[in-house]
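Trainee: I am new to this structure. Can you walk me through how to read it?
Mentor: Gladly. Open the view, and we will take one feature at a time.

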Amino acid sequence: MTDNAARQLASDLPDLQAHWMPFTGNRYFKEHPRLISRAQGMYCYSHDGRQLLDAVAGLWCCNAGHCHPKIVAAIQQQAKTLDYSMTFQLSHPAVFEFANRLTDLAPAGIDYAFFVNSGSEAVDTALKMALAYHHLRGEGARTRFIGRERGYHGVGFGGISVGGLSANRKMFGAMLSGVDHLPHTHDLEHNAFTRGQPEWGIHFADELENIIALHDASTIAAVIVEPIAGSGGVLIPPQGYLQRLRDICDKHGILLIFDEVICAFGRTGEAFAAHRFDVTPDLITTAKGLTSGTVPMGAVLAKGSVYDTFMTGPDGAIEFFHGYTYSGHPLAVAAGLATLDVYLQEGLFAHARSMEEKFAAALHSLQGEPNVIDVRNFGLIGAVELAPIEGQPTARAMQIFRTCYDNGVIIRTTGDTLAFSPPLIIEDEHLEKIVESVRTALRAQ
Ligand SMILES: Cc1ncc(COP(=O)(O)O)c(C=O)c1O
């Protein structure tokens, strides 16, 4: 870069001092800023004029592509019609319509939607629902939760307690008591370079029986898993694994929660991963693709049997002492309704499904490139795992991320794994650019 260009770049930047950035190396970032100023469709544009192909849909959320005109128009219209209405004891019409539309889309039996503002809030809400459900049924001793190693369920105290990523837990004390964890299902020795679901590994679900035997079913409220673990490294469930968890939970009266914050809204080529894997949980947590990332929103979707358990007590009494000032915020609801329209009218779930094989072939063509030790995929979610640099975990993946960015492609890293979750509007030429950019970066190490 010339001196002039560098000066121009520096002058376009705001003062970066005061913003304490989430999940970011603040000092490094502020020395090497990467700011996105605008976005459209498959592309983001940086403050210094780069066009960047987005291979991760923002942060696994902009499933309809960036700044879709119909979603933008709906948000603009809503902002000048109703900015806010009280959410406790009052409401607004569109939130009921949205709940109906969402539950129509959800697996049969999932008939109720409780709105929140993020994936983390959805998870903590679902955990509280599970506790209260058992309490109301006279089984108040069911207070334990079972999560899974390498699971990510956001950053609330409930979410980090059931989550299985040690970096997210270790500085925050004892968290929720009584939580236990299933083993994760990742096994390179048996399953490296599997396309789709591994045939090997259903037995990982049987560990739930051992955990139940240890604690006794009468103390366990719920099991929570991501159908496909995202932030923990894109771990695809072995064939039959999720059904086995469902069967064991049913046998012991334990609620099953699917955290579909990443997996829902077309990521697996269906509305929900529960559809694609043909396993229906009792509660689904979701966010991100719910509004295609445009306005913060999350939801817990619940089975009728869970909701009905709450609908007792005196008439007029509050049934669930929980909720947020912005539960079902009008702007988020408008964005959500428009997003559902776009998904359905433009056939984006079917498009994602139609791209799945090409996506798999493109990613798996990276097998054999330097330091690639695994490639895995399902729907439009994929991962390339790299051998760590000795003594410097995560450094290799970060190096690839930076090279790809410099070459015009945004990918994501989790540990030494490169993760891919493109907007569902992806076409062949985008796929090719993403994979060739990663290949170039791998060869340049
Ligand atoms: C599976 C899962 N659950 C929960 C969350 C937390 O969502 P949020 O960042 O909106 O709080 C995430 C975020 O990536 C997620 O992937």
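**Reading the model, feature by feature**

Trainee: Which residues surround the ligand most closely?
Mentor: Keep in mind that this is a predicted model. Around the ligand there are 14 residues; the closest are Ser118, Gly119, Ser120, Gly154 and Val261.

Trainee: Which element gives the largest share of the shell around the ligand?
Mentor: Helix α6, residues 119-136, does, with three residues.

Trainee: How many residues of the shell fall in each class?
Mentor: Seven are polar, five are nonpolar and two are charged.

Trainee: Let us turn to strands. How do strands of a sheet pair?
Mentor: They pair through backbone hydrogen bonds, either parallel or antiparallel. Start with a parallel case here. Strand β7 (residues 220-225) pairs with β8 in the parallel sense, over four bridges. Within that pair, Val223 stands opposite Leu256 in β8.

Trainee: How does the chain cross from β7 to β8?
Mentor: It goes through helix α10, residues 241-252. This β-α-β crossover is right-handed.

Trainee: Which strand is joined to β8 by three bridges?
Mentor: That is β9, residues 283-286, and the two run parallel. Look for Ile257: its bridge partner in β9 is Leu283.

Trainee: Is β8 mostly covered or mostly open?
Mentor: Mostly covered. Strand β8 spans residues 255-259, and five of its five residues are buried. Check both faces. Leu255, Ile257 and Asp259 are buried on one side, and Leu256 and Phe258 are buried on the other.

Trainee: Now an antiparallel case. Where is there a hairpin?
Mentor: Look at β1 and β2, which form a hairpin with two residues between them. Strand β1 covers residues 36-40 and strand β2 covers residues 43-46; they pair in the antiparallel sense over four bridges. Arg38 stands opposite Tyr45 in β2. In the turn, Gly41 has a positive phi of about 60°.

Trainee: What is the order of strands in the open sheet?
Mentor: The order is β11-β12-β15-β14, four strands with antiparallel pairing. Its edge strands are β11 (372-378) and β14 (412-414), and each of them pairs on one side only. From one strand to the next, the twist averages 25°.

Trainee: How many bridges join β14 to β15?
Mentor: Three, and the strands run antiparallel; β15 spans residues 417-420.

Trainee: Where does Asp216 lie?
Mentor: Asp216 lies in the loop between α9 (207-215) and β7.

Trainee: Is Asp216 buried or exposed?
Mentor: Count the C-beta atoms around the residue. Asp216 is exposed because 12 other C-beta atoms lie within 10 Å, and exposed takes 12 or fewer.

Trainee: What about Asn371: where is it found?
Mentor: Asn371 is in the loop between α14 (348-364) and β11. With 16 other C-beta atoms within 10 Å, Asn371 is partly exposed.

Note on methods
Residues numbered from 1 in each chain as written. Predicted model: local features only at pLDDT ≥ 70, side-chain atom pairs only at ≥ 80, totals over all residues. Near = placed C-beta within 6 Å. Nonpolar A, V, L, I, M, F, W, Y, C, P; charged D, E, K, R; others polar. Pairing = 2+ DSSP bridges. Axes fitted to C-alpha atoms, helices over the stretch in contact; angles between N-to-C directions. Buried ≥ 20, exposed ≤ 12 C-beta atoms within 10 Å, placed from the backbone. Right-handed = clockwise from strand over helix to strand, strands pointing away.
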